[in-house]
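Have the sequence and the model open side by side for this one. Here is a friendly walk through some local features worth looking up.

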Amino acid sequence: MTILSAHTLVLPAASLGEEDPLPPLRMQREAHQVVNLAELPEDLRENIQYGRLHSPLPCLNQDGYDRTLTETPFPALVLENDHLRAAVLPSLGGRLYSLVHKATGDELLYRNPVFQPANLALRNAWFAGGVEWNVGSTGHWTGTCAPMHAARVEGPDGTPVLRLWELERTRNLVTQLDFWLPEDSDFLYVGVRLQNPSDVDVPAYWWSNIAVPQSPDRRVLVPADQAWRFGYTSRLDLIDVETDLTYPMRHPRAVDYFFEPLAGERSWIASVDGDGAGLVQASTERLPGRKLFVWGQGDGGRRWQEWLSPGLEGHGYAEIQAGLARTQMEHLKLPAATSWTWLEAYGRLAMDAGAAHSEDWHTARRAGAHALAPVLDELPGREKAWLEVVDSAPVERLAVGSGWGALELKRTGWTVSAGTPFGDDTLTSREQAWLPLLEGRLPVRDDVPDGTLVAWRELLEQAEDNWLVWYHRGVARHYHGDVDGAVEAWRRSGDNPWALRNLGVVTGELVYYERAVALRPELVPLVAEAVAAALDADVPLAERLLAQAPDDPRIQLLRVRHALETGDPGTAHDLLAAGIQLATVREGANPLTDYWLAAEEALGTQRPVPPQYQFGMGGN
């Protein structure tokens, strides 16, 4: 029989900390920029140019995490039958944390033994391992370190279905995940539905990111003969699939391979070991894209794996992925009042080892398809059965997500499925604070504004004036491209650190930053941003700000930069040599290495970059 049960998973975990109250007026640096668009097929080029997100608002950044691991309980929801045991983390974006094949005892996924956020997501915080569900826009989704609603639903065969759902706030898409493990099944099925309840077309994006163990003998199999290579040189190039490409540990550098689907072939991807066994993922037609990502065997790639999994043992992980489009730089148009659905299958593939590792690529991938044929044949029928319960109302609540969905329904009156309810009882004080705006006012309750509901711009413009309304008007205007109107609004908001900071960002006038820091000198993100801006234009101001700045790695890094820019490489080197553990170091950006090399060049020495600073995405 199939059992759905609630458990507590205890992991060594870093604290997520508080959200950054400063609105993300701009995106963090995005590594996936394509410079050779003119060389690409027209449909690929158009999809890349369409729908790119320019800010994660109304979400705020999650950058308050640290790197101190303490034993921490996480709620886990477990589906189990005689063949598989699947553990899902509802408080962390519905991550499929573990999938165990019971007959062999094999963990089919890469299961990270710790929870350690790092700066790789649209909102900054992201963690490695398991299967992550990415919806919204290029990058790791805004909900990856946030809770989802969860409930039990009666399955089409009488077994329990674990349903998770939440409102993806940047696109206002209702995201639904149905985990279904039929009683006699060797495969876990995950039904996905994206609901666009609005009356406008919305850019849609989805990738299921599957972390799998890597080892020298592990190979990736997929029905494709060509792949689009994206190797952090900002180019997409179509290349042939050759043997070395399919072994993750044969890559010296970090690289993405987006496999070109073959006409007439069904969609799947697998990672198999030297014996021909491992995880396979397959799906129905809506999800044709497949990808391999590797960190690479260079110093930077190894350092990233250790950073994401402190105390890493073994060879780390690679990712096999499945998406709506061919590449992760693309967005597709989801029409108004429309839902898209598909079914994914996850399980153990066992095939002839000789065929799996044949030097003839066609032999290997065809053998994989042959071994998987029974599962592929029954997928359409499984999807049809799942769709019979896709709108079924939950029968038992298992976890509560946010109240943002309930709040948006009050504003819009949208119709969403009875299967994904957003009840008034999910509204917390955070969402309730916005309810008066529906009646034309927004009382001042706190001196720290929440993330601006940028879709509520019209209501903000019509509301009774106060400093908070003017502040949010400015953010909403800026988000929608009215920079002059934003500046006007923030000036009318008055002498508060939040509006002053925004004026500093947009106008470049450091007097705003200086006053904002004077009002909130303990707020590290604000001080760090102000110092960085001052170092670009007014070094004496930067020195005054640094003299009173809090003790934080982000501030220490700015002290290194100041020393370099004022001709004091010895101090820069000493600060770096003493050790700076920058929790929020960003993929594709490595100031620690850059500053070390700059100090060495200025000093006329050639001391090697310490291993802990080697986050480069290239080779050694």
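## Basis of the model

This is a predicted model, in which local features need pLDDT of at least 70 and side-chain atom pairs count only at pLDDT 80 or more, while totals for chains, interfaces and linings use all residues. Residues are numbered from 1 along each chain as its sequence is written, and side-chain values use heavy atoms, with hydrogens and water left out.

## Salt bridges

Side chains of opposite charge can pair when their charged atoms come close. A salt bridge here is a side-chain nitrogen of Lys or Arg within 4 Å of a carboxyl oxygen of Asp or Glu, and by this rule the count comes to 40 salt bridges. One of them joins Asp178 to Arg163, with the closest N and O atoms 2.7 Å apart. Asp178 sits in strand β11 and Arg163 in strand β10 (residues 160-168), so this pair links distant parts of the chain, 15 residues apart. Helices (H or I, at least four residues) and strands (E, at least two) are DSSP runs, numbered from the N terminus. Both Asp178 and Arg163 are buried, where buried means under 20% relative accessible area, exposed over 50% and partly exposed in between (1.4 Å probe, protein chains only).

Another salt bridge brings together the side chains of Arg266 and Asp377 (2.7 Å, N to O). Arg266 belongs to the loop between β18 (255-259) and β19 (267-272), and Asp377 to helix α4 (residues 361-387), so the pair ties together parts that are 111 residues apart in sequence. Arg266 is partly exposed, at 40% relative accessibility. Asp465 and Arg473 also form a salt bridge, their closest N and O atoms being 2.8 Å apart; Arg473 is buried at 3% relative accessibility.

## A negative surface patch

On the surface, Asp82, Asp157, Glu183, Asp184 and Asp186 gather in a patch of negative charge. Patches are made of residues with over 30% relative accessible area and no salt bridge, with like charges joined within 9 Å. Among the members, Glu183 is in the loop between β11 (173-180) and β12 (187-196), and Glu183 is partly exposed, with a relative accessible area of 45%.

Gln116 is found in the loop between β5 (106-107) and β6 (118-121). Is this residue, Gln116, buried or exposed? Gln116 is buried, with a relative accessible area of 0%. A polar atom of the Gln116 side chain lies 3.0 Å from the backbone oxygen of Asp66.

## Backbone details

The peptide bond from Leu57 to Pro58 is cis, with omega near 15 degrees. Pro58 is placed in the loop between α1 (42-49) and β2 (70-80).

Asn172 is not a glycine, yet has a positive phi of about 55 degrees. Asn172 sits in the loop between β10 and β11 and is buried, at 14% relative accessibility. Ala337, again not a glycine, has a positive phi of about 50 degrees. Ala337 occupies the loop between β23 (332-334) and β24 (338-350), and Ala337 is exposed, with a relative accessible area of 64%.

## A pair to locate

Ala532 lies in helix α12 (residues 524-537) and is partly exposed at 22% relative accessibility. The C-alpha atoms of Ala532 and His32 are separated by 25 Å, the two residues being 500 residues apart along the chain.

Key. Patch = residues over 30% accessible without salt bridge, like charges linked within 9 Å, V, L, I, M, F, W, Y side chains within 5 Å. Areas by Shrake-Rupley, 256 points an atom, 1.4 Å probe, with all protein chains shown as cover. Lys, Arg positive; Asp, Glu negative; His and termini not counted. Charge placed at Lys NZ, Arg CZ, Asp CG, Glu CD. Polar contact = N/O pair within 3.5 Å; in protein donor to acceptor, adjacent residues only side chain to side chain.
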